[in-house]
Amino acid sequence: MTKERHIFIENVNPVVACGRYPAKRTVGEECLVEATIFRDSADIIRAELCWQGDSDTHKQTIPMTLVNRGLDFWQGNFKVTDIGCFTFTIEAWTDIYATWVRELDRKVNAGRVDLASELAEGLMLIEKIHAGAKGNDRAILDGALATLQPGSDANTALAMVSRHDVEQVAEKLQPREDAVVSDEYRLYVERKRALFGSWYELFPRSQTDAADRSGTFKEAEKRLDYVRDLGFDVIYLPPIHPIGHTARKGKNNSLVAEPGDVGSPWAIGNENGGHDAIEPSLGTLNDFKSYVKTANKMGIEIALDFAINCSPDHPWVKQHPDWFYHRPDGTIKYSENPPKKYEDIYPINFDTSDKEGLWEALKNVLLHWVECGVTIFRVDNPHTKPFVFWEWVIKEIHKKNPDVIFLAEAFSRPPIMKLLAKIGFSQSYSYFTWRNSKDELQEYLTELTQTDMAEYYRPNFFTNTQDILTEYLQHGGPSAFKIRLLLAATLSPTYGIYSGFEFFENVAVAPGKEEYLNSEKYEIKVRDLTQPSMHDLIARVNQIRRENPALQVLRNVQFFESDNDQIIFYGKMTPDRSNILLIAVSLDPFQAQASTVRVPLDKLGIPWGSRYNVRDLLTGEVYNWGEHNYVYLNPMGTPAHILKVERL
């Protein structure tokens with residue numbers, strides 16, 4: 001007959017897809033583990049959280065706390081300090097000693113006189129515990145045993161056995177005869193940049209002063225101080241590889257390229273090489289390495305686009321024709337997304353019979369650029385390639401390079417975007433780009449931070465991309481750009497802008513279209529870096545992000561009351577409340593807006609009715625606030641307050 005089970009552990013969190021995928025954290029974060037734990041009687045139970053990293057030689061443990069007795073809800077947390085895989089379990093057992101002490105206490109307080117049997121029961125229990133005790137623990141139990149001898153006074157015995165030091169020793173040493181251990185769950189820990197960073201996208205070929213001449217990495221290296229002064233710590237580069245000649249696209253995505261047209265960087269490969277080569281007009285591989293090294297010295301990491309596209313001129317087309325799709329007449333198919341045609345790109349056939357060769361080749365491309373100093377990859381359209389490939393290749397890269405970060409550029413259906421995050425992508429593009437109203441923003445952020453998505457999905461809030469110029473930016477003027485910057489940079493710990501954003505570039509190719517006119521994807525775009533811009537605002541916002549830990553976390557956003565739907569009001573704070581920010585942003589790029597906003601003082605740890613000072617980190621102004629406060633925001637100035645609570 002099997003041993004009866006009395007204790008049950010349910011609803012463990014964080015758990016992703018019933019444990020199929022690991023939950024995520026970054027170094028320095030705490031992992032709060034929650035569970036419903038109960039047993040089939042009123043006996044007292046204990047629970048312990050156990051965890052271990054891949055490099056740990058033994059498990060670490062910490063007692064869990066019963067935080068809601070009515071719901072049998074327990075919590076425990078641990079801080080992760082290393083990159084890599086962790087596992088955790090929960091162990092629960094009956095505290096026989098505490099249960100006995102509680103029953104003895106009840107009977108003594110009820111006036112029971114004959115408690116000889118109860119004391120004898122306790123004597124047997126402590127003797128059992130005493131047998132395994134040593135040193136000071138044994139001495140403490142000696143005192144308890146002396147009060148439980150035949151004829152002992154029950155009140156005296158109760159006072160001794162309920163002493164804190166006796167209870168501690170008994171809890172530590174008593175046998176866990178009915179212990180139950182949960183399933184083992186996984187946690188994957190990455191470095192902090194996977195959670196917190198400010199991204200800036202630029203085309204190296206546009207780092208020039210002449211539209212008829214490609215910029216080089218040497219020229220781009222001289223402009224690194226511009227990005228540094230803006231306060232960005234990640235530069236994202238579109239593909240830097242040789243660009244195909246066959247069916248090369250002309251300006252504005254025209255089907256016929258004119259002499260001198262540079263083509264799309266996403267049409268990868270020509271006689272100069274493929275995915276592991278540098279476009280000759282940009283310079284040499286050593287030039288690129290120098291660019292990366294100089295950027296790193298400035299505190300900037302390089303994120304490189306990984307696009308699994310091949311031009312008709314890519315070396316793989318001749319070397320591995322079986323890696324591509326073929327028509328009945330033997331010709332290779334180009335990419336299509338009707339009505340759009342991409343004649344300059346051949347998609348890869350992942351169902352090739354040479355799957356092993358293809359996968360290894362793609363893995364080696366990534367490893368090549370890692371060796372060149374690339375620490376982040378922005379993966380182009382990963383949702384159009386097999387999920388099983390991404391799960392495999394990310395794990396392969398992380399075996400020797402666990403600090404490499406992968407960003408999934410997948411604007412697709414929610415289940416697809418979520419699965420990409422679950423299988424290993426460190427970050428994901430998001431729907432923020434199209435969330436403009438107060439309700440839309442609050443609903444989306446609540447989903448990202450208050451549902452199971454918070455355990456595995458790290459959004460990167462790009463305001464715009466080389467492909468996306470939203471209607472809000474097209475028609476809202478400079479104030480719209482400021483608003484989207486302030487929202488992105490304060491709602492998410494990771495955000496990004498595409499170069500030109502700071503200059504309010506907002507001309508679309510046609511009404512109702514999100515593509516840029518004269519898109520930089522198809523031509524060199526020379527920018528005057530001294531023209532009017534919001535350089536100072538971007539630099540200040542990025543400085544505020546670096547100086548305030550509350551903005552470096554995702555799950556801590558809380559939305560507060562605002563009586564005007566054109567003003568969104570929210571707070572972010574550290575767990576110890578040492579850094580508390582209150583943020584109000586106008587969503588109207590055209591007119592000034594005012595609102596009364598309510599601060600829930602209890603959530604901030606401020607006594608009800610108190611006054612406190614807040615400093616606007618954007619302007620330096622100081623306000624004396626209470627529970628209800630007046631906010632006035634003018635889009636012609638700075639359409640937001642980032643308020644730091646200074647005095648409690």
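**Note on a predicted structure**

1. **A starting residue.** Phenylalanine 350 counts as buried, at 6% relative accessibility. The cut-off for buried is under 20%. The model is a predicted one. Phenylalanine 350 sits in the loop that runs between strand E17 (346-347) and helix H10 (355-371).

2. **What surrounds phenylalanine 350.** Leave aside residues up to four places away in sequence. Phenylalanine 350 then touches Ile308, Tyr325, Lys355, Leu358, Trp359, Leu362, Lys385, Pro386 and Phe389. Valine 317 is 33 residues from phenylalanine 350 along the chain, and their C-alpha atoms are 14 Å apart.

3. **The whole chain.** The protein chain has 648 residues, and 55% of them count as buried. Its secondary structure comes to 16 helices and 31 strands. Along the principal axes, the C-alpha atoms fill a box of roughly 110 × 65 × 40 Å. Take the contacts between residues at least 6 apart in sequence: 74% of them join residues at least 24 apart.

4. **An edge-to-face pair.** A pair of aromatic rings is described by the distance of the centres and the angle of the planes. A search of the whole structure finds 34 aromatic pairs. One of them joins phenylalanine 406 and phenylalanine 425. Their ring centres are 6.4 Å apart and their planes stand at 90 degrees, so this pair is edge-to-face. The cut-off for that label is over 60 degrees. Phenylalanine 406 belongs to strand E19 (residues 405-409), while phenylalanine 425 is in the loop between helix H12 (414-422) and strand E20 (427-429). The pair therefore ties together parts that are 19 residues apart in sequence. Both phenylalanine 406 and phenylalanine 425 are buried.

5. **A tilted pair.** Phenylalanine 481 and phenylalanine 501 also form an aromatic pair. Here the centres are 4.9 Å apart, the planes make 55 degrees, and the pair is tilted. Phenylalanine 481 is in helix H14, and phenylalanine 501 is in the loop between strand E22 (494-498) and H15. The two residues are 20 apart, and the pair links distant parts of the chain. Phenylalanine 481 and phenylalanine 501 are both buried.

6. **Two helices side by side.** How do helix H14 and helix H15 pack: roughly parallel or roughly antiparallel? Helix H14 (residues 471-491) meets helix H15 (residues 535-547) at an angle of about 10 degrees, and their axes are 11 Å apart. Angles under 35 degrees count as roughly parallel. H14 and H15 are therefore roughly parallel to each other. On the H14 side, Lys482, Leu485, Leu486 and Ala489 make the contact. On the H15 side, Leu537, Ile538, Val541 and Arg545 do. By class, this contact has 6 nonpolar and 2 charged residues, with no polar ones.

7. **Charges over rings.** Arginine 435 places its charged end over the ring of tyrosine 444, at 5.3 Å from the ring centre. Arginine 527 lies over the face of tyrosine 498, and the distance to the ring centre is 5.8 Å.

8. **Two cis bonds.** Most residues other than glycine have a negative phi, and most peptide bonds are trans. Where are the cis bonds to look at? One runs from asparagine 13 to proline 14, with omega near 15 degrees. Proline 14 is in the loop between strand E1 (7-13) and strand E2 (23-26). Another cis bond runs from proline 338 to proline 339, with omega near 10 degrees. Proline 339 is in the loop between strand E15 (335-337) and strand E16 (340-342).

9. **Two positive phi values.** Asparagine 381 is not a glycine, yet its phi is positive, at about 50 degrees. Asparagine 381 is in the loop between strand E18 (376-380) and helix H11 (387-400). Its relative accessible area is 28%, so asparagine 381 is partly exposed. Arginine 577 also has a positive phi, near 60 degrees. Arginine 577 is in the loop between strand E25 (567-573) and strand E26 (580-586). Arginine 577 counts as partly exposed, because its relative accessibility is 37%.

Terms used
Residues are numbered from 1 along each chain as its sequence is written. This is a predicted model: local features need pLDDT of at least 70, side-chain atom pairs count only at pLDDT 80 or more; totals for chains, interfaces and linings use all residues. Side-chain values use heavy atoms; hydrogens and water are left out. Axes are lines fitted to C-alpha atoms, for helices over the stretch in contact, and angles run from 0 to 180 degrees between N-to-C directions. Helices (H or I, at least four residues) and strands (E, at least two) are DSSP runs, numbered from the N terminus. Angles under 35 degrees count as roughly parallel, over 145 as roughly antiparallel, 65 to 115 as roughly perpendicular and the rest as oblique. Contact means heavy atoms within 4.5 Å. Ala, Val, Leu, Ile, Met, Phe, Trp, Tyr, Cys and Pro count as nonpolar, Asp, Glu, Lys and Arg as charged, and the others, Gly among them, as polar. Rings of Phe, Tyr and Trp (its six-membered ring) pair if their centres lie within 6.5 Å; planes under 30 degrees apart count as stacked, over 60 as edge-to-face and the rest as tilted. Buried means under 20% relative accessible area, exposed over 50%, partly exposed in between (1.4 Å probe, protein chains only). A charge sits over a ring if NZ of Lys or CZ of Arg is within 6 Å of the ring centre and within 35 degrees of the ring normal.
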